[in-house]
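Okay, thanks for coming, everyone. Have a look at it first.

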Amino acid sequence: MDIAFLITAAAILAGAAGAMAARSVVHCALCGVVAFASLAVAFLQLRAEFVGFAQLLVYVGAVAILIVVALLLTRNFEATHEALSFRPWALGLAIALLVSGAVVSAILGSGLGVGAPPSAPPPTVKAIGDLLMTRYVVALEAMGVLLTVALIGAALVALRENGPGRPAKPGEQGSVAGRLEE
Amino acid sequence: MIAGVPPSAATMFEALDQLFVSLKHWLVGQLPPAWQSWVSLAISAAAILGVFMTLFALTVLIERKGLGRIQNRYGPNRVGPWGLLQPIADLIKMLTKEDLVPSGADRVVHFVAPVVMVVPVLMAYAVIPIGRNMAAVDFNAGLLFFFAVGACIELAVFMAGWSSRNKYSLLGGMRAIAQMISYELPLILSTLPVVMLAGSLSLVDITDAQAGHSGGWLARWHVFTPWGLAGLLLFTVAATAESNRAPFDLPEGESEIIAGHLVEYSGIKYALFFIGEYLGMFAVSALGITLFLGGWRAPVIWLEWVPSYMWFFLKLGGFVALFIWLRGTLPRLRADHLMNLAWKFLLPLVLLNAVSAALWHYTAPWTFVGAGLARWLLCGSLVGVPYVLLGRRLFAGQHIGPRTYRMAA
Amino acid sequence: MNLGKGILKGLVETARNFVGSYYDPARLVTIQYPDERRALPEKARSFPMLVYDGEDPEKGLRCVACKICEKECPPQCIYIVLDRDEKGRPLRRPKIFDLDISVCMSCQICVEVCPFDAIKMNTEFELSTADRFGSLLLHKMDLARPASYYLGLHPVEAGEVNARLAAGPGHAETKAKPAAGPAPAAGTTSGAKPGDSDRP
Ligand code: SF4
Ligand code: SF4
């Protein structure tokens, strides 16, 4: 294991730990961003350019921003919470073990040599694109449909706020989230 | 090879073109091999930093001068001849100003935000080819990298807005996030046709895809195609909004929220935000140049002898001038108009533009007489007609004209 | 079909300004202040000054220390001490005449009420100072200005004043009674004080 990886791994873990331990919700979100970004760096160290950049774009650029926007739109988001930590810790530990066990076993069972340096040159974006459009096209389309449905659902939920059920106050605009999903 | 000049001159021009590349190679060559790759990167980074910081200082001065002239004023003319030393005075002022942190602020986040603003922007320059063989790194997914690091800017704005514990900051931060998310989509999608037709996400490859000349003289820039032209225009609008420039400077709206997320920043931290904003503008202009305007390539075959980096910076200067001109001309948009423009106007158009690009690609084999014109009309109308229709809809029911004030006498 | 036409029109307009400002200096309305100055209008005013005749500000001061202005000044920023000789007889001149321009509101009431045309409005406005306590309290000698200076500042007004003063020594004093007293007496020279003619 080289030093660069150790640093990145430490940053990921620190970010994740901070995201759970921080008192203020916004700090949690920002620590999460640290974890996301370090994960992107880890991908880059594995020469997985596309995945790394996509991780950065999607998680830092979209997911983290969505989280903070959601936070900003909630009431009392400034309040710090003492009890953000998960109380029944044994249960939490069990779930964590279960999930990581599943992931590790999946990796071990995938037939990729663990620890062996990759022999083939890293796949180009073009190769990834070709695969996505041929072999994994169904999965891709399914995900697209899922996201579209989610988007429409969110728009509908946001629309109802100003819908016929509730007379819109004069000058009231849709919430920012509603406008974002429009 | 350079057309139209004798061979001896051609080699000279080529040497001039590759001057900086050869210089770097020579410098790196002096070092032990173990260091070479690192030093090479460091030199590129230093060059990017130096060049674009200088450009930043110049742009701020030119912008102030230009805006002044647009408004029939002189602009800064006190420091040095014609005010040329104004950037230095500004620098000294920024460095010596007191660095204020509000007592209620979240100190760490408040401190980190300007750094998060500037670092990604500087990283974005790594993938941009500013001349022949002059890209710091050629990522396979360079365009993705550009947008990925660009996404961090939103986070910086949020951090600045939230950590200041000031309602104007928070409002500015929220406006900025809403705006940047909304315009990121048209921005990224407007580059889609280029990626589709160039078949690569690497900016170097995209520049190479615009090599060659049509008709024997006119460069094959993307902008000389209907989808490229529309793409460039859409890209420019989205880029202006993405870099928070007027008329899309709502997040800073001096008249209503003072300076948005920048309210509680002063001194060098404010300067970092300022730098970040301008460097972001350059970066996104550079991207536009690379994607649509042939990057460092000359527009016509007879001008090939001008060094490639000169072309790049000439085009960059054009972009900057356009941004300044727009800032001096257009009033700020209203928040709901801003969102309408992004979602109801730009987004459909960029999607249609991708279709238009595909059509252009598949009609390329047409050979009958007037095929070029037919292709132009076909692909152009695919974007042009919706432009008119969508615009009509967007303006429907709106009174455009001199404003009347109901309450005023 | 006029989508974007407004933007183009605007761009042309600003471009015309930009180019025009280089060719047509008349477009540039800026007066570059410390180097270029706009001539102050006749009725410009900043803070009061004390006018003196002749060369010597000590002797020529028109002020007789009647303290009318001190009493009338709304913010009470004038402080006058009458000068007396050894025997305690009043000398009809101020020993101290202090005016705090950090308090003065430039209302010109002191000028209106002065029966001797001794206090007039100055137009100096570059009065910034690093010492806000000492430097803004002007003393007699800081306030003293020759009559010629006054004439230069407000030619019309000063001309009227000079004509009135030239009408005869002591004339100002006869005029003083109606001006100072509550009931204006008839028969004086128009009874007008210099400021009055300026009023609408
Ligand atoms: S009213 Fe005139 S004469 Fe009397 S004290 Fe004031 S300035 Fe002097
Ligand atoms: S101008 Fe007004 S405020 Fe100033 S000294 Fe005269 S009476 Fe007082």
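Let's start with chain A and chain B: the area buried between them is about 2,700 Å², and carbon and sulfur atoms give 78% of that. By buried area I mean the accessible area (1.4 Å probe) that two parts lose on being put together, summed over both. The size of an interface is often given that way, as the accessible area lost when the parts come together. In terms of residues, the contact takes 29 from chain A and 31 from chain B, where contact means heavy atoms within 4.5 Å.

Before I go on, some housekeeping. This is a predicted model, where local features need pLDDT of at least 70 and side-chain atom pairs count only at pLDDT 80 or more, while totals for chains, interfaces and linings use all residues. Residues are numbered from 1 along each chain as its sequence is written, chains are lettered from A and ligands numbered from 1 in the order in which they are written, and side-chain values use heavy atoms, with hydrogens and water left out.

Chain A itself has seven helices and zero strands; for the record, helices (H or I, at least four residues) and strands (E, at least two) are DSSP runs, numbered from the N terminus. Of its 182 residues, 19% count as buried. Buried is under 20% relative accessible area, exposed is over 50%, and partly exposed is in between (1.4 Å probe, protein chains only).

Now over to chain B and chain C. Here 18 residues of chain B are in contact with 18 residues of chain C, and the buried area is about 1,800 Å², with 61% from carbon and sulfur atoms. On the chain B side, Arg69(B), Asn72(B) and Tyr74(B) supply 39% of the area buried against chain C, more than any other three residues. This interface has one salt bridge: Arg78(B) pairs with Asp35(C), with the closest N and O atoms 3.0 Å apart.

Side chains of opposite charge can pair when their charged atoms come close. Over all chains, the whole structure has 17 salt bridges. Among them is a network in chain B that links Glu63(B), Arg245(B) and Arg327(B).

Lys140(C) and Glu58(C) meet at 3.6 Å, N to O. That pair links distant parts of the chain, helix α5 (residues 140-143) and helix α2 (residues 57-60), 82 residues apart. Is Lys140(C) buried or exposed? Lys140(C) is buried, at 10% relative accessibility, whereas Glu58(C) is partly exposed at 40%.

Then there's Glu124(C) with Arg145(C), at 3.1 Å. Arg145(C) is buried at 16%, and Glu124(C) is partly exposed at 33%. Lys59(C) and Asp56(C) also form a salt bridge, with the closest N and O atoms 3.9 Å apart. In that pair Lys59(C) is exposed, at 73%, and Asp56(C) is partly exposed, at 30%.

Last stop, ligand 2. Of the 13 residues around it, Cys73(C), Cys104(C), Cys107(C), Gln108(C) and Cys110(C) come nearest; a residue counts as near if one of its heavy atoms lies within 4 Å.

Key. A salt bridge is a side-chain nitrogen of Lys or Arg within 4 Å of a carboxyl oxygen of Asp or Glu.
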